[in-house]
Structures are given as structure tokens and as C-alpha cells.
Amino acid sequence: MNLSFSILSWVTFTPVLGVLVLLFLPKDRRNLLRWVAVLTSMVAFGLSLVMLAQFDQTNASLQMVERLPWFQLAGMQIEYFLGVDGLSVLLVLLTTFLTPISIISTWSAVEERVKEFLIFFLLLEVGMVGVFLSQDIFLFYIFWEFTLVPMYFLIGIWGGPRRVYAAIKFFLYTMAGSILMLLAILWLGITFESFSVPDLIAQGGIPGSVQTWLFLAFAAAFAIKVPMWPLHSWLPDAHVEAPTAGSVILAGVLLKMGTYGFLRFNLPLFPEASIRFAPWMALLAVIGIIYGAAVAYAQKDVKMLVAYSSVSHLGFVVLGLFALNPLGIQGGILQMINHGLSTGALFLIVGMIYERRHTREMDDFGGLWKVMPIYGALTLIVTLSSMGLPGLNGFVGEFSILLGAFGSEAIGSPIYAGIAAAGVIMAAIYMLYMFQKLFLGPLDKDENKVVKDINLREILTLVPLVVFIFWIGLYPKPFFNLIGPSVDKLVALLQAASVAVH
Amino acid sequence: MDWQDFLSVLPFIIVAGWATILLLVDLWIPANRKGITAGLAVLGLIAAIAAVISRFGIEREAFDGMIIVDGFSSFLQLLFLGVGLIAIAQAYDYLRRRDIERGEYYILLLYSLSGMLLMASAGDLIVVFLAVELLSIPLYVLAAFAIPQADSEESALKYFLLGAFASGFLVYGIALVYGSTGTTALSGMVAAIASAETTPVLLFIGSGMILVGLGFKVAAVPFHMWTPDVYQGAPTSVTSFMSVGAKAGGFAALLRIFISALPGAAVMWMPLTMWIAALTMAWGNIAAISQTNIKRMLAYSSIAHAGYIFMALPAAATPEVAPEAVRAALFYLVTYAITNLGAWGVVLAMEKAEGSGLTIEDYSGLGKKRPALALAMALFMLSLTGVPPTVGFMGKFYLFRAVIDANLIWLALVGVVTSLISAYYYLRVIVVMYMRDGEPEVRSEALLNSTIILTAFGTFFFGILPGLLIKMINQVGLLDLLR
């Protein structure tokens, strides 16, 4: 055993170093604190690029594995086991990419208790990256639950007027799902005397009836996190009350932990149950798509609209994953990234206007394009990306999901894809409606006439996102190449199980 | 009876004997320098710790089986002595602040500790009874230590009356078990039950009454009624000690009697303990939600945690699971001791001289005023909820593992759902500390602070590296009587 940590440990725990530095800095040197946090998260991002450089995209299995015994409990070996493959590599990059952007966005938005804010933010990054890299279910659960704590503080201390309610609701809702998963994890650990995901998959052999229960227990945790209809009611509260950077991370990364959980645990560990539940999951996903879109259209508050659009978009991801074919799953994974980029950008955009006008009511705006042309142009690109315009990233993900779901054997009917396609049109309606209310029409409110356009710092937070929006939209091949082999491996496993089911 | 027998009870002799000596020495210590008594008491405890460590790993029966020395007893004795050290450190400044500093405090604490030490190595029901009384009677007095304050008096009287009642149950239960098995020795009972020379009805009623008596000591539902009032009225330093020490003492006896002496009668006590565990978890957590006083809230929380530990009993009714269930219970007792002593330490720091500052609202703004103290309290609350990466999560994980291993999935389900309920009231403390504005008045006393730092560190450290503690517990054998 050598004591040098692998690259994955560095990616995960670098923010902790930043936290340690922050702890010893005076709390009134705000800019210094911010610089330390930004640089730390930049270093983490840099390290994740090193990870990407070392990543072998032809290899379908876990790479850069770090595996050490952690402790033994009643005969069950619990390991510190990190690894990355095509299912998680992009999500890790998304996390390390969005974190510095979010921190930069708080430069003037968070003025109170800056030190604590940054500490919680960096701790949150540790939890999120840990979730995507853990290959031991116990370790995964530790990171999974741990992300609740910093997010709870971020919403509860720096959030909007109803922040305490939203923070507690977020915590209790998520915990309610994960306790059921905890019992299922324990059952797996006791039965197979291992918590290692690859080992459990290799052993297989969980009887079909047991798979049903385990699938449901894991799904409870993940469906709440995604959130899938009808378990979504914590999301609008948490999103709206959270500070801008919190919303960006919540929508951009935390929700993906739910869909990623389905991908990493439910599909390969309980393949037979996944096949049996696929139509039901697709049904819930489609209801979520339509419901989220319809409710989004009815909102008067921009942030609320974006929050409900997440319900709709994540419905697409779930639909793609449970198509259980390469096209659907690849599209699902790419759409997780797309949603992280576009919705992250949308929350940043909402935050910028809120900082200037201290309102998010659409009726208070109109004609903003005339006073804020740069802001307007960037918003237009993001809006179009979110509604799935060809040439931008959203289209690529949604299109492959719809193709996958259309031909999916597991879902069994093209109707789901057909209804979901209507969701794409509804997205165009509510996104364009929002854009029109904000930017077009006459500039008739006096307060809006004096609003300044966004500054260089704000442009710098949006531009990297826009670059990727175009890149994925125009040339998605490199991204699919990263995902591909691991997805094929997963699908092969599902097909083997499908033979057993039929 | 030889000198080896006396060596076996050496920790007990040291603590009880030292308390008696201190009783005399204290007469010559001037009233304003009672810190000397505290310091001397600490010395006694350190000597006892040395005595326990020196014979760690040895297994022996002494006084014809009345005393059992094994890993289980040594481990618990270390826990009790550690709790005693923290209890003295927490009491020192508090007693001065409340103006109730008298040397007897530390002496009574030592006597109560000696009862706990005896309990850990009891090998006979008579010794169990002796230990329960030795543990409880000094606590009755300690609860009244803030006399003439009405709260404290009421607390002591309630505790005493109900405690005496429970002792009655215990001793009657012992008599019935004796009637059934013809012996009070735990090892004899195993043999008697195995050879079927017992009267099952008497054994059933007797063991049920023992369960009632000890259930009272650990504050399990439905024998918990005294807990909130007593915890609230007693001086906070006493409550802190009582909520951990007395509970661990009660569980020492419960585990020893039911798991190692009465496994043959598991059919009888398994359903009982199962329902007690479920009800205790449910009621403790539900009742805690509506509390506004932090001492009452922590009282209900301690009831709830008794319920979690109680789950080890029904799990241990499955013979293959029994060793791990006992270990899980021991692990949880340590978890609970570290976290709970820390939480009570924060309560002590917040309590004002005249005894106010005890509502949860009084904690408003603590996050700004004393970030480190608030952080410690947040850590304790998360650990009591069972959120990783704190030791509380590891404790629950270990316990639930045993419960699921024994195929009691519904009980584990009750456990996790009640944990979810508990998150609500533990989080409320965090909400008040960090998300409300206020100007709390907080004390900063060196000894008290060091106990809080120590327990906070333990809560975090064993949450990340539980392996160290688990390794130690793995060497603990309880089931020696089954040899």
C-alpha cells in the first residue's frame, strides 16, 4: 500500500484544503476569502482536467481506481473505494466546473458571513464529487447524506424570506428517501458481505422478488432527489429560497445525484427489477415532463418558472435512462450535463437581475433588451438552449432521449416518447414567454430604465457556460465518446437480465 | 475466597473506598476551596482506570461467580470512569456559578460510579440489585443538590419515589426468578433453564419484572414518565451525568442478564423487548418535537436513544446475531455517551447563574456570537440525528445492521423513520442558533470548554475512523457464561 493519494482523492478533497485555509483567515477580509475559495475550486477543476487527460475513453470499466480498506464492521468490509468511468466522468467535471463559477457569482451577492458561506460551499463540493466517485455503497451513502448538511446551511442562512422552512423541508424530504436506501444498503451488505458496487454487480444473483424491494428502496432516495413527480414539492421551495449560487449548484449538480443514482445502482444492481419497472418509471417521467412544463408556464416569478422547468427537464433524463438502450442512456447522461449548464446559467441570469431590481416578478420587467443588450443576448442563447433548439446542447440530449424511448423494448410503447415530445414544444412556449416578458415590449417602468448592463465579472461567469452550450450543440461527438463504452457495458448487462425476465 | 477475588473488584474498591476516605478528608477542606476535593476525586478515578487497564483482556469469575471479570465488564468500566471524569470537569465551575458548591457532590458522584462499576461485573442477581441501589441512591441525593430550590427538590422526590417503586419490581422479579430456577447466579440460571428444571410461568413473570425495574433505570417507554421532570429539575451537571451513566448502567445489567443468562428464555422476552424498543423510539422522538425547554427536549431525546439501544435485545434473541448485537449496543453506548455529554456541556455553558437560559429560543444568535460553541452543538445535534460523518451515524448503522441481520426489518424501519422524526427537533436547535438573531449570554469556563472540545472531537473523529473503536469492541466477549 503506498501512501500517495491518487488523482481522484485529490479531486475530491482539495476543497478541504481550502476550508482549512479559510478557517484561519480573518472574517472581515472578504475579498481575500473569496479569492482563496475561487482559487481552491479552480485548482480542483484543474485536477479534474488532469483526471480527464488520464481517462481512457476506450475502456468501459472503472479507471484510476483507489481502493483501501477503511474499517471492518461485523464481518463486513467497508472500503475507501474511488473510481471513475464513463457514467460519472462528465458529472465530476460538471461539478468542478460549476463550483468556481458559482463562487464568482456570489462576489457581490453574498455580503454577510462570507467566511462561513464559502466554507459550506467548498464542503458541498467535497460531498458532490465524493458521490460521483464512490464505488463502495457505504462510502457513497456517507457522501450522499453529507451533502445535505452544507446545503441546509446555505439555504437556511443565506436564503430568501422563507428560508428556514425551505431548508428544513429540503433536509427532511431528502432524508426520508435516503433512510429507506440505508436499510437496503444494509441488507446488501449483510447478504453479500461486501459494499463494493463492482463486486456486487459481478456476484449478481439477487432473486427477482427481492430485487423489487431493493429497487424501490433505492428509488425512493433517488426519485426524491431528482425529483420525480409526485415527490417534487420540496424543489420549488428550496430553489426559490436558496441564494443564487445555491440554486445553481442545487439544479446543476445535486439533482443529478438522483439520476446518477439510478444509473449507477438501480440499473446494474437490480437489472430485472429495472426492466419490470421501466414502463412505470417512464410513465412518472412523462407525467413529470408535462406537469413541470404546465406549472412552469403558470408562474409569475422567474425563479419559480426555472425551478419547475427543472422538474420537466429531469423527466427527460429519467425517461432516457429507463429506455434501457444505448441511445436513451447516452442521451440521458448528456442531458444531465446539458441541464446543469443551461439551468445553472438560467439561475445565474435570474440572480443578476434580482441583485439589480430585488424582484423576480415577470410583470415588473419588460423591454430590458434596450438597456441591457449583452445580458439580453446571453439570456437568449441560454433560453434557446434550454428549450432544445437544434444547434445548441439541449437539442442533442433531448433528441437522443426521444429516439431511445421511442424504440425502447423495456418501455414497450412509443406513446411515452410521443407525449414527451409535446413537452419539448411546451418548453418552447414557457421559455419564450419568459423571454418576451423580460426583454421585449416597451421599456415602460422607470426603475428598469436605469438598470446597468452586466459587468465583466458577470459576463465571465456566463461565457464559459455558453461556450459549452455551443460546443455540445454543434459537435457532441467527444462527449458521446467519453460516455459510450461504459453505457454499452451497462446495456449488455441489462440485456442479459432481459433474457432472464422474458 | 482469596486475594485474586479482591483484585477482581479492585476498580470498585478503589472508587468506593476513595469516596469514603474523601468523605473524611473533605471535612478539613475549607468551603471556598472545594476544587481540591474535585481534584482528589479525579485522582481516584485515574487510579481506577489504571486498575481496569492493567487487567484488560483477563477473564475470570470471582466470589463464587458473584463477580464476572471479562471484556464486557472492563470495557463498560472504562466507559463509566471516562464519563465520571467528564462529569467532574463539567460540575466544577457550574456548582460555583449556581452557588451550590459542596464537597459531597464529588463524593456522591464517586459512590454512584462505584455502583456502575459493580453493575458491569455483576454475575449474580443479588449483586445486580446491590449495584442498582448503589448507583441510584447517590443520584437521588444529587438530584436534590440545588436544595432549597423547589425544582430540584421536586425532581429528587419524583426520582426517589418512582425509583424505589422500580427497585421493588426488580427485587420481586429476582425473587420469582429464584423461585423458578432455584438460583440467583447467572451461570446457574443458564444451566437450570437448559436442563428444563424450571417453572416457566414464574420465570416469565420474574424476568418481566426485572425488565420493568431496569427499564425504569434506562428510561424506556412505558417506564419513562419520570425522565423529563427529573432531568429538568435536577442541576444540569447531575442531569448530564445521569443521562449517560445511569442509562449505561441499566443497559449493562439488561444485556448481561437477558443475553447471557436468559437466552434459553428468549421466546418470552423477545417480543416484550421488541415492543418496548419500538414504543420507546416512537414516543421519545414524537414527544420531543413539542418541547421548548432544552433540558426537556434532551430528556425525551435520551428516552428515544434508550429505544435504539433496546433494539439490541430482540436482535440478540437470535443466537447467531447475539455477539454482534451486544457489540453494536456497546458501540452505541459510547456514541451516545460522547455526543450526549457534549450536548449537555453546551447546555451548561448556556445556563445562567439563576438557572434560566434553558429554552431553545435562548440559543438565538449563538452561531454569530460563539461560532465554535455553535459548531460543536450543531455537530452533536447531527450526531444525535445520525447524519454522517458523525459517530452517531456509525452507531445507528451498527445497530440497524444487527437488527436486520436478525431479520427484524420492521423494527429497523421503525428505527429509521423515528430518526427522521428526530431530525426535525434536532435541526430546530441548529435553526435557532444560526438562522435567528439574538444576543445570547454565554459562559466560557476552561474545564467545561475542554469537555466540549474533547467530545466534539470524538464525535467527528470516530465518525471518520470508527475502526479504532470497533477493533477494541471486537475483543470484548460477553457470552462467557455460555462456555
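Predicted model: local features only at pLDDT ≥ 70, side-chain atom pairs only at ≥ 80, totals over all residues.
In chain A, helix H12 (residues 271–297) and helix H13 (residues 302–321) approach each other, their axes coming within 7 Å and crossing at roughly 160°. Because angles over 145 degrees count as roughly antiparallel, H12(A) is roughly antiparallel to H13(A). The crossing of the two helices is left-handed. On the H12(A) side, the contact includes Met281(A), Ala282(A), Ala285(A), Val286(A), Gly288(A) and Ile289(A). Among the residues that H13(A) brings to this contact are Leu305(A), Tyr308(A), Ser309(A), Val311(A), Ser312(A) and Gly315(A). By class, the residues of the contact of H12(A) with H13(A) comprise 15 nonpolar, five polar and no charged.

Helix H2 (residues 30–54) of chain A contains 25 residues, which at 1.5 Å a residue should span 36 Å; the end C-alpha atoms are 36 Å apart, in agreement with this expectation. Within H2(A), the buried residues are Leu33(A), Val36(A), Ala37(A), Thr40(A), Ser41(A), Ala44(A), Phe45(A), Ser48(A) and Met51(A). These buried residues pack against helix H1 (7–23), strand E1 (63–73), strand E2 (76–84), helix H3 (89–105) and helix H4 (114–133) of chain A.

The contact between the chains draws 24 residues from chain A and 24 residues from chain B. On the side of chain B that touches chain A, helix H18 (391–405), helix H19 (409–435) and helix H21 (467–474) each supply at least two residues. H19(B) gives the most to this side, with 11 residues. The side of chain B that touches chain A has 19 nonpolar, two polar and three charged residues.

Two cis peptide bonds were examined, one in each chain. In chain A, the bond from Trp229(A) to Pro230(A) is cis, with omega near 5°, and Pro230(A) lies in the loop between helix H9 (208–225) and helix H10 (234–241). In chain B, the bond from Ile147(B) to Pro148(B) is cis, with omega near 10°; Pro148(B) is placed in the loop between helix H6 (125–143) and helix H7 (150–181).

Positive phi values in residues other than glycine occur at Phe63(B), where phi is near 50°, and at Asp64(B), where phi is near 55°. Phe63(B) is found in the loop between strand E1 (60–62) and strand E2 (67–69) of chain B, and Asp64(B) is likewise in the loop between E1 and E2 of chain B. Phe63(B) is partly exposed, as 15 other C-beta atoms lie within 10 Å, whereas Asp64(B) counts as exposed, with 12 C-beta neighbours inside 10 Å.

Key. Residues numbered from 1 in each chain as written. Chains lettered and ligands numbered in written order. Axes fitted to C-alpha atoms, helices over the stretch in contact; angles between N-to-C directions. Helix = DSSP H or I, 4+ residues; strand = E, 2+ residues; numbered from the N terminus. Parallel < 35°, antiparallel > 145°, perpendicular 65-115°, else oblique. Left-handed = near helix turned anticlockwise from the far one by under 90°. Contact = placed C-beta atoms within 7 Å. Nonpolar A, V, L, I, M, F, W, Y, C, P; charged D, E, K, R; others polar. Expected span 1.5 Å × (residues − 1). Buried ≥ 20, exposed ≤ 12 C-beta atoms within 10 Å, placed from the backbone.
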